[in-house]
Amino acid sequence: MPPKTPLWKSKARSLEKAGRDFREESPEGIHDLRVALRRVSATASALGRPGIAKRSKKLVKSLSVLRQIEVDRKLLARVRELGWLPEEVAAGIDAHWDGLLRQGAKTAARRVPTGELDRLRRKLSRLSKEKQEDLLVRLEEAQKRAERELTAVSGDAKDRTLHQYRLAVKESRYLAEDLALAGRPGLAPEIARKKKIQDALGRWNDLRLFRRDLAATRDDAERRGAVTFVLELDRLVSALEPAVSSARKEALRVVRSVAPARGRRRGGAWPASQG
């Protein structure tokens with residue numbers, strides 16, 4: 001192994017780009033920054049940098065609500081294309097969520113200051129110049145631990161259990177990608193399997209949270225006495241129930257078909273998961 005690895009440098013560059021896109025409010029800025037921070041957290045946890053891991057997780061959490069609004073608006077755009085809502089109702093919901101997004105963006109900008117991201121990036125850059133002889137060993141141990149979290153999920157698993165499984169698959173995939181970057185060969189098929197599971201679970205998760213947020217918007221409309229909004233949202237929320245159920249069944253089917261058959265785990269046209 002060379003005395004220096006590209007792993008930390010890769011994290012630093014990804015974080016720098018994602019932070020710049022976030023500040024410039026690019027279409028995928030929030031998503032890309034959360035992904036970059038999640039990857040930093042997974043790597044830092046594996047390589048004995050708990051402070052970096054903890055701070056990265058905190059920053060990810062501070063962007064969660066904002067990201068969900070983005071996903072909701074994309075799915076609402078699909079609903080508008082399908083004609084599932086009267087245009088004036090769909091436009092009203094979109095305007096409401098756009099306001100939440102703008103308000104949330106201002107809050108997020110305070111929670112994720114430029115200086116803090118820059119300090120984190122500099123720490124990662126410094127780490128890239130250090131030797132870590134046991135890097136592969138640590139990554140492999142962490143990846144094995146992540147694999148043990150991927151216990152089998154049953155068809156009647158609670159949504160929270162399935163959501164936690166999705167996050168575990170994501171972390172395991174990130175660590176496998178770290179191992180590949182650090183020089184471990186033959187991991188491409190495993191990474192592709194995890195990506196397929198993650199995407200299927202992500203589509204289900206996005207859709208169920210979209211339905212949840214529509215129900216919350218419906219309740220808000222009822223408090224305001226917006227009768228037309230309430231009636232239309234009631235219909236849409238009910239209409240989405242079979243779609244959520246179908247997405248859940250499909251995700252479980254993918255888990256069963258893609259995960260290795262060794263006893264335990266690994267694992268209408270809706271947009272692919274953005275999470």
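This note describes selected helices and residues of the structure above.

1. The model is predicted, so that local features need pLDDT of at least 70 and side-chain atom pairs count only at pLDDT 80 or more, while totals for chains, interfaces and linings use all residues. Residues are numbered from 1 along each chain as its sequence is written, and side-chain values use heavy atoms, with hydrogens and water left out.

2. Helix 2 covers residues 29–46; helices here are DSSP runs (H or I, at least four residues), numbered from the N terminus. From first to last C-alpha, the 18 residues of helix 2 reach 26 Å, close to the expected 26 Å, where the expected span is 1.5 Å times one less than the number of residues. Gly48, which follows helix 2, has a positive phi near 75°.

3. Two packed helices are described by the angle between their axes and the distance between the axes. Axes are lines fitted to C-alpha atoms, for helices over the stretch in contact, and angles run from 0 to 180 degrees between N-to-C directions. For helix 2 and helix 8 (residues 159–181), the angle is about 70° and the axes lie 10 Å apart. Helix 2 is therefore roughly perpendicular to helix 8 (65 to 115 degrees; under 35 is roughly parallel, over 145 roughly antiparallel, and the rest oblique). The residues of this contact comprise six nonpolar, one polar and seven charged (nonpolar: Ala, Val, Leu, Ile, Met, Phe, Trp, Tyr, Cys and Pro; charged: Asp, Glu, Lys and Arg; polar: the others, Gly among them).

4. Val60, in helix 3 (residues 50–62), is buried, with a relative accessible area of 5%. Beyond its neighbours within four places in sequence, Val60 is in contact (heavy atoms within 4.5 Å) with Arg34, Leu37 and Arg38.

5. Helix 9 (residues 188–224) and helix 10 pack at about 165°, with axes 9 Å apart; helix 9 is therefore roughly antiparallel to helix 10. Their contact has 22 nonpolar, one polar and nine charged residues.

6. Glu232 lies in helix 10 (residues 227–258). Glu232 is buried, at a relative accessible area of 14%, and, leaving aside neighbours within four places in sequence, is in contact with Leu85, Pro86 and Val89.

Technical notes:
Helix = DSSP H or I, 4+ residues; strand = E, 2+ residues; numbered from the N terminus. Buried < 20%, exposed > 50% of the residue type's maximum accessible area, 1.4 Å probe, protein only.
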